Amino acid sequence: MAQREFPLRMVAWELTRNCNLNCIHCRAAASQGPHKGELDTSECKKIFDDIASFSSPTIILTGGEPLLRDDIFEIIDYGSAKGLRLVMAINGTLLDREKALRLKQAGIRRISISLDGKDKEKHDRFRGVEGSFDAVMHASSILTEVGLDFQINTTVTGLNAYDLEEIKGLVKNIGASAWHVFMLVPVGRGEGFKGKELGAEEYERCLEWLYSIEERKELEIKVTCAPHYYRIVKERGGVPASAGCLAGKSFMFISHRGIAQPCGYLEIPSGNVMEEGVKRVWEDSHIFKQLRDLRAYKGKCSRCRYLSICGGCRARAYETAGDFLHEEPYCSYKT
């Protein structure tokens with residue numbers, strides 16, 4: 001019953017917490033490893049086997065920086081051979097033409113690279129390493145040359161919220177297929193933004209601006225970690241492309257140690273996929289079942305007419321109230 005009602009459509013898989021950057025908002029507080037307990041090659045293959053046995057989701061291979069794994073191409077080859085749709089999140093610093101071609105040949109469908117500043121100074125400050133902006137520009141040119149589809153991810157904070165117009169221009173100029181805009185969830189090193197986030201009204205204005213871009217079809221855009229965006233879409237007469245927060249409903253996160261979470265930002269262990277198997281965790285996790293029961297939601301979310309197409313960000317609720325079923329703290333909508 002659970003599988004029929006809540007098919008697994010997307011998995012974000014943290015292949016490593018090893019990273020060569022020091023991003024100030026990083027949910028994983030990723031850094032140079034080694035990190036204990038990281039899944040080895042055979043364990044990664046077992047997870048692919050488990051997933052392919054009951055589902056066919058898009059799998060986001062992420063980190064840390066997944067290109068730091070010596071076995072990354074063996075892992076990708078295996079997942080592709082299972083018929084799974086694989087995409088990959090990198091920071092751009094380690095990409096060269098040879099690696100880009102290997103990624104394309106191995107079956108990676110799309111690459112995502114983060115761009116969080118309108119220029120070198122702002123992006124490098126955000127990423128914590130000088131030269132990271134130039135690396136993004138170089139990586140985008142390589143991906144364009146080899147014909148590997150890529151998108152740009154941007155995390156919105158008080159540091160760049162008023163630079164989004166310029167960032168959007170960069171996204172278009174470098175030839176990205178899409179712009180995925182993430183609204184900050186203050187976990188990991190992102191906890192340093194607590195008390196410095198955009199207020200609810202500022203978030204609302206930002207989301208309205210993003211929808212104006214989508215309305216004009218100026219750029220393929222996806223807003224993430226802001227489920228109330230889909231309330232704005234509905235209010236403006238649009239058709240929401242998503243059902244708001246997907247954590248535990250059609251989306252699951254797997255850590256570098258094989259621990260399942262509803263999403264990467266909601267750091268609540270929800271099962272061990274190495275011990276229980278992916279299918280059993282997805283169908284039987286008590287945490288996932290709670291998230292799927294909208295009747296259990298609290299505060300103004302429980303009374304909201306848009307609950308079924310929004311649901312509020314469960315990770316922000318958890319970080320601010322200590323309860324992932326509490327109301328979304330960054331929503332200005334009056335129920």
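The side chain of threonine 41 makes a polar contact with the side chain of aspartate 71 at 2.4 Å; such a contact is a pair of N or O atoms within 3.5 Å, where within protein one must be able to donate a hydrogen and the other to accept it, and residues adjacent in sequence count only if both atoms are side-chain atoms. The model is predicted, so local features need pLDDT of at least 70 and side-chain atom pairs count only at pLDDT 80 or more, while totals for chains, interfaces and linings use all residues. Residues are numbered from 1 along each chain as its sequence is written, and side-chain values use heavy atoms, with hydrogens and water left out.

**Surroundings of threonine 41**

- Threonine 41 belongs to helix H2, residues 41–52; helices (H or I, at least four residues) and strands (E, at least two) are DSSP runs, numbered from the N terminus.
- Not counting residues up to four places away in sequence, threonine 41 touches Arg69, Asp71 and Glu74, contact meaning heavy atoms within 4.5 Å.
- Aspartate 71 also forms a salt bridge with arginine 69, with the closest N and O atoms 2.8 Å apart.
- Aspartate 71 and arginine 69 are both buried, that is, under 20% relative accessible area, where exposed means over 50% and partly exposed in between (1.4 Å probe, protein chains only).

**Salt bridges**

- The whole structure holds 24 salt bridges, each defined as a side-chain nitrogen of Lys or Arg within 4 Å of a carboxyl oxygen of Asp or Glu.
- Lysine 168 forms a salt bridge with glutamate 218, the closest N and O atoms being 2.6 Å apart. Because lysine 168 lies in helix H7 (residues 164–173) and glutamate 218 in the loop between helix H8 (200–215) and strand E7 (221–224), the pair ties together parts that are 50 residues apart in sequence.
- Lysine 168 is buried at 6% relative accessibility, whereas glutamate 218 is partly exposed at 24%.
- Glutamate 283 forms a salt bridge with lysine 279, with the closest N and O atoms 3.3 Å apart. Both residues lie in helix H11 (residues 278–284), four residues apart, about one turn of the helix.
- Salt bridges that share partners join Glu165, Lys168, Lys172, Arg216 and Glu218 into one network.

**Helix packing**

- The axes of helix H3 (residues 72–81) and helix H4 (residues 97–106) come within 9 Å and cross at roughly 25°. H3 is therefore roughly parallel to H4.
- Axes are lines fitted to C-alpha atoms, for helices over the stretch in contact, and angles run from 0 to 180 degrees between N-to-C directions. Angles under 35 degrees count as roughly parallel, over 145 as roughly antiparallel, 65 to 115 as roughly perpendicular and the rest as oblique.
- Phe73, Ile76, Asp77 and Ser80 in H3 meet Lys99, Arg102, Leu103 and Ala106 in H4.
- In helix H14 (residues 314–321), the buried residues are Arg314, Ala315, Arg316, Ala317 and Glu319. These buried residues pack against strand E6 (178–183), helix H12 (286–292) and helix H13 (299–303).

**Cysteines**

- The whole structure contains zero disulfides, a disulfide being a pair of cysteine sulfur atoms within 2.5 Å.
- Cysteine 304 is in no disulfide, and the nearest cysteine sulfur, that of cysteine 310, is 6.5 Å away. Cysteine 304 is buried, with a relative accessible area of 19%.
- The sulfur of cysteine 331 is 6.1 Å from the closest cysteine sulfur, in cysteine 310, which is too far for a bond. Cysteine 331 is buried at 15% relative accessibility.
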